[in-house]
Amino acid sequence: MTLNTAPTATAVRQVPQVTNPKRRKGKSAYPYWFYLPAAVIYTALFLVPTVVSFFFSLTRWNLNEFTFIGLDNFVQFFQEPALIKGLTNTFIYGIVTSVLKVVLGMLLAVLLTSQIIARGYLRSVMFFPVLLSSIGVGIVFTALMDPRNGMINEGLAAIGIQGPAWLTDPAWALLSVALVDVWKGVGLATVIYIAGIVSIPQEYFEAAKMDGASSFKSFFNITLPLARPATATVIILSLIGGLRSFDLIWAMTKGGPGFTSDVIASVIYKQYQAGFYGLSTAGNVVLFLIVTAIVLPLSMFLNRKEVEQ
Amino acid sequence: MTTALKRYGLGVLAIAVSIIVFIIPLLFMVLTAVKDRKEAAKLDFAWPTNFQFVENFTAVLSARKFMLVTAFINSTILTVVSVTILVILAAMVAWVLQRRKSRWNGVANFLILSGLIIPPAIVPTIWVLQGMGLFKTLPGLILIEVAFGLSFCVMLFRAFIASIPKELDEAAVIDGCGPVRLFFRVIFPLLRSVIVTVIVVQSVHIFNDFQNPLYFLPGDANATVQLTLFNFQSQFTTNYNLLFMNILLITVPPFIMYLFFNRQIVAGMTAGAVKG
């Protein structure tokens with residue numbers, strides 16, 4: 001009796017959603033064990049470390065043995081000026097890069113979907129840096145941004161502007177790296193926006209034109225609202241990337257001068273190198289909380305609005 | 001008249017700006033890579049007076065006991081093996097996830113989203129790898145790349161699989177096809193175009209990866225190409241020409257990928273992005 005009801009119960013639950021293909025000997029054509037290899041790797045090397053990081057962030061730890069020290073690591077994280085700087089810099093970096101990518105990506109996409117010459121060339125050349133290695137880009141721009149001999153300052157001097165000392169100036173270091181990040185990543189934002197703009201029906205623009213709307217008006221009233229999914233994607237993607245960013249900063253400033261351009265990801269590495277594994281893990285937990293606390297609500301907000309429209 | 005002016009005027013302006021912003025830095029990199037040491041140190045945008053392509057090329061390759069050659073081999077193995085594993089495992093997951101609706105779907109979707117958002121916890125991952133005896137080994141790093149890349153690949157595959165009609169599976173099952181045969185003989189070949197996208201996007205990504213090799217595969221003998229750059233950065237502070245030659249060499253593989261698979265790369269990156 002029980003043997004009979006069990007299979008029908010599962011069948012009933014599944015039938016309303018999809019009609020399963022004919023089963024042989026009660027086996028699905030889509031076996032769960034297909035999940036297994038991926039699930040094992042993902043669990044062992046991603047889920048387990050993520051979960052245990054919460055525990056080890058409360059310890060002093062050398063990989064073999066640990067002493068439980070409560071919230072000391074976090075207290076240290078929010079007290080030491082070098083570490084607090086890393087925290088605020090992470091926010092600045094994430095916000096600056098994603099705002100610039102949204103604005104520039106949108107403008108470039110509008111330009112590249114309009115009737116100008118050499119669109120193919122412009123798209124390719126703009127997208128290519130996305131595929132370059134961050135370390136390579138970082139080193140090239142370190143040379144370009146050299147305060148005395150660098151090409152950027154020589155170019156600025158040629159038109160009568162005294163350029164800043166870029167990476168060696170504490171006030172500019174973080175911003176300089178963020179600008180290079182934008183240089184490298186704006187192509188991706190542009191391409192996403194182009195996909196968004198191309199999917200807007202052309203009739204809307206024609207109708208607006210018939211009604212005498214200027215191109216400014218149709219940009220603000222048609223392109224901008226209808227490209228909203230693209231905007232959501234660009235914001236979310238560049239925030240996730242920006243808040244976690246490590247490669248470029250490490251290649252260009254290593255957090256310097258002093259610790260003025262440190263971000264959480266570089267703090268994590270420095271503490272790891274110094275052997276403070278507990279503190280490094282606490283940094284990871286802080287980064288985890290920041291990223292989820294910002295990205296999750298934001299993506300829910302951006303996507304809900306999209307559905308309402 | 002005005003539209004023509006706009007078409008050409010804006011176009012010419014855009015080309016000029018693109019040359020200054022994008023072409024010159026890339027050209028600067030190439031030119032510096034073929035200069036001699038003294039000229040390279042000036043960091044200026046001048047035509048090299050004597051080309052040293054071959055000298056710089058051999059100097060970079062032979063530096064530190066041919067470390068760059070080892071690194072290229074390591075990076076190739078890393079990229080090829082992890083992308084292969086990724087493609088097969090992610091396609092399997094995506095297929096079952098898309099076809100079989102069950103209470104696990106919510107959990108799986110949540111885990112996929114987590115994989116896209118959560119920054120990996122570094123030291124605990126090292127702890128796990130050490131427990132498995134895989135820390136500082138290439139297989140360990142391969143598994144890491146697989147674990148961190150799964151979410152993105154599953155998403156791409158799932159979106160594509162949704163467009164394959166279910167009737168196809170049903171026909172195969174009626175003909176007596178088991179799940180394994182159904183997947184590998186019927187479904188997998190149909191995924192060709194999305195597989196190409198996944199391969200191209202992930203191989204560029206893994207080849208360019210710096211952070212994971214830095215943490216999980218330290219040591220000169222195991223260096224990947226991105227790490228050679230990092231190691232040479234301190235050693236070559238005065239030899240910009242060699243440093244830039246190194247950059248140039250490790251830029252070649254992604255560049256070739258871009259030449260041949262431009263469309264797949266863009267499609268993969270935007271498609272994955274729109275779903276995320």
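Predicted model: local features only at pLDDT ≥ 70, side-chain atom pairs only at ≥ 80, totals over all residues.
Helix α6 of chain B, residues 138-161, has 24 residues and reaches 32 Å from its first C-alpha to its last, close to the 34 Å expected at 1.5 Å a residue. A kink of about 45° occurs in α6(B), centred on B:Leu150. Of the 24 residues of α6(B), 21 are buried, so the helix is largely enclosed by the rest of the structure.

Helix α5 of chain B, residues 122-132, is likewise described by its burial. Eight of its 11 residues are buried, so α5(B) is largely enclosed by the rest of the structure. The buried residues of α5(B) are B:Ile122, B:Val123, B:Pro124, B:Thr125, B:Ile126, B:Trp127, B:Val128 and B:Leu129. After α5(B) comes B:Gly133, whose phi is positive, near 75°.

**Chain B as a whole**

Chain B contains 12 helices and zero strands. Its radius of gyration is 23 Å, well over the 19 Å that the globule rule gives for 276 residues, so chain B is more spread out than a compact globule. The C-alpha trace of chain B spans about 75 × 70 × 30 Å along its principal axes. Buried residues account for 46% of the 276 residues in this chain. Of the contacts in chain B between residues at least 6 apart in sequence, 77% join residues at least 24 apart.

B:Leu43 has a positive phi of about 60° although it is not a glycine. This residue is found in the loop between α2 (37-41) and α3 (53-99) of chain B. Is B:Leu43 buried or exposed? B:Leu43 is buried, because 20 other C-beta atoms lie within 10 Å, and 20 or more are required for that class.

B:Phe66 is a residue other than glycine with a positive phi, near 55°. B:Phe66 lies in helix α3 of chain B. With 11 C-beta neighbours inside 10 Å, B:Phe66 counts as exposed, since that class takes residues with 12 or fewer.

**The contact between the chains**

The contact takes 75 residues from chain A and 73 residues from chain B. On the side of chain A that touches chain B, the elements giving two or more residues are α2 (36-56), α5 (119-127), α6 (134-144), α8 (173-198), α11 (228-244), α13 (264-273) and α14 (277-308) of chain A. Among these, α2(A) gives the most, with 13 residues. The residues on this side of chain A divide into 54 nonpolar, 17 polar and four charged.

**Confidence**

The model scores ipTM 0.89 and pTM 0.87. The table gives the pLDDT summary for each chain.

| Chain | Mean pLDDT | Residues with pLDDT of 70 or more |
|---|---|---|
| Chain A | 85 | 89% |
| Chain B | 88 | 96% |

Within chain A, confidence is lowest in helix α1 (residues 2-14), at a mean of 41, and highest in α2(A), at 94. The pLDDT is below 50 over residues 1-19 of chain A, a stretch that has six contacts in the model beyond near neighbours in sequence. Over residues 21-25 of chain A the pLDDT also stays under 50, and the model has eight contacts beyond four places in sequence for them. In chain B, the pLDDT is below 50 over residues 272-276, and this stretch has 14 contacts beyond near neighbours in sequence.

Methods: Residues numbered from 1 in each chain as written. Chains lettered and ligands numbered in written order. Contact = placed C-beta atoms within 7 Å. Helix = DSSP H or I, 4+ residues; strand = E, 2+ residues; numbered from the N terminus. Nonpolar A, V, L, I, M, F, W, Y, C, P; charged D, E, K, R; others polar. Expected span 1.5 Å × (residues − 1). Bend = angle between axes of the 7 residues up to and from the residue. pLDDT = per-residue confidence, 0-100. Rg over C-alpha atoms; globule rule 2.2 N^0.38 Å.
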